[in-house]
Amino acid sequence: MKVICIAGYKNSGKTTLVTRLVEALSKRGSVGTVKQMLHHRFNPENTDTGKHFDAGADVVAAITDIELVTIKRNPTLEDALNELADGGADFAIVEGAKSSDLPKIFIGDIEGSDEVSNVLVRLPVRSDWDIDALVELILSQPEWATLNSLVKKVRSNPDLCLSGGIATFTGIVRRVNGDLETTAIDFEKYEGVADRAIEKICYELREKADIIDVLIHHKTGLIRSGEDIVYIVVAAAHRKELFETLVEALERIKEEVPIWKKEFTIEGDFWVHDKM
């Protein structure tokens, strides 16, 4: 899923740009949107769903003839994007969230604002924007993937009818490693080269007998202990080939993909010499 944030100040035209991008991107795939509405409430206390929520329900689902709305506690932007990815969205457009680390299209003047980062392009307020150019910019962004989104993609493979199973692997940051306690790991990849190496591994593993599909996603940036690092999904005709290929994929990532990591521990930080 490609993610872009449309940021700017009040009355800059954010919603107008979002709707125009939704119209354009919908021609290329499924689009999801996220709107940060920090001072609003979707289920007021005088509604039935509001009463359910205020009584202590952790999740409330409201269904109408044309809508399904899920209301949860402790909301985060990452959770919202993960739900869009899990639902099969190809694109996610976030309106607002100018203080997030997401890649941004910023409308208007950002000078003097220390909270805005990762701005890809700045646009004039309420202008005749070049939507085609912005779509190409969005297409060039890195993938936002979840394990469920990869499984969903494998399940959409027309050859899945030949498969007898789907196996997955999730690598996480180990907190305790011998005498060290790790708080986080910062992953850096050789841009372009790492992605091509992963694509090569997937392609070659798919060429093996009885392997239906292989997908790999490796995250970069700072990942804290217990959080996900890498996902591998394999579909195969038989379980022997299935598990052998899953293990082979993991070993090849370690050997062939140029990704480096800096480990942060309670005793200090250091670069790990292995590629992974």
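This is a predicted model: local features need pLDDT of at least 70, side-chain atom pairs count only at pLDDT 80 or more; totals for chains, interfaces and linings use all residues.
Five strands make up an open sheet, and their order is 2-5-1-6-7. The pairing is parallel. Strands of a sheet pair through backbone hydrogen bonds, either parallel or antiparallel.

Next, select 31-35 and 119-123. These are strand 2 and strand 7, at the edges of the sheet. Each has a single partner strand, so one side of each lacks a neighbour in the sheet. Look along the sheet for its twist: the average is 20° from one strand to the next.

Now go to residues 104-107, which form strand 6. Strand 6 pairs with strand 7 in the parallel sense, over four bridges. Pick Ile105 and look across to strand 7. Which residue is the bridge partner of Ile105? The partner is Val121.

Turn to the helices on the sheet. Select residues 77-86 for helix 3, which packs on the sheet. Helix 3 touches strand 1 (2-8), strand 2 and strand 5 (91-95). The direction of helix 3 makes about 165° with that of strand 2.

Then select residues 131-139. This is helix 4, also packed on the sheet. Helix 4 touches strand 1, strand 5, strand 6 and strand 7. Its direction makes about 170° with that of strand 7.

Last stop: cysteines. Select Cys5. Is Cys5 buried or exposed? Cys5 has a relative accessible area of 0%, so Cys5 is buried. Move to Cys202. Its relative accessibility is 5%, so Cys202 counts as buried too. How many disulfides are there? The count is zero, with sulfur atoms within 2.5 Å as the cut-off for a pair.

Terms used
Residues are numbered from 1 along each chain as its sequence is written. Side-chain values use heavy atoms; hydrogens and water are left out. Two strands pair if DSSP finds at least two bridges between them. Helices (H or I, at least four residues) and strands (E, at least two) are DSSP runs, numbered from the N terminus. Axes are lines fitted to C-alpha atoms, for helices over the stretch in contact, and angles run from 0 to 180 degrees between N-to-C directions. Contact means heavy atoms within 4.5 Å. Buried means under 20% relative accessible area, exposed over 50%, partly exposed in between (1.4 Å probe, protein chains only).
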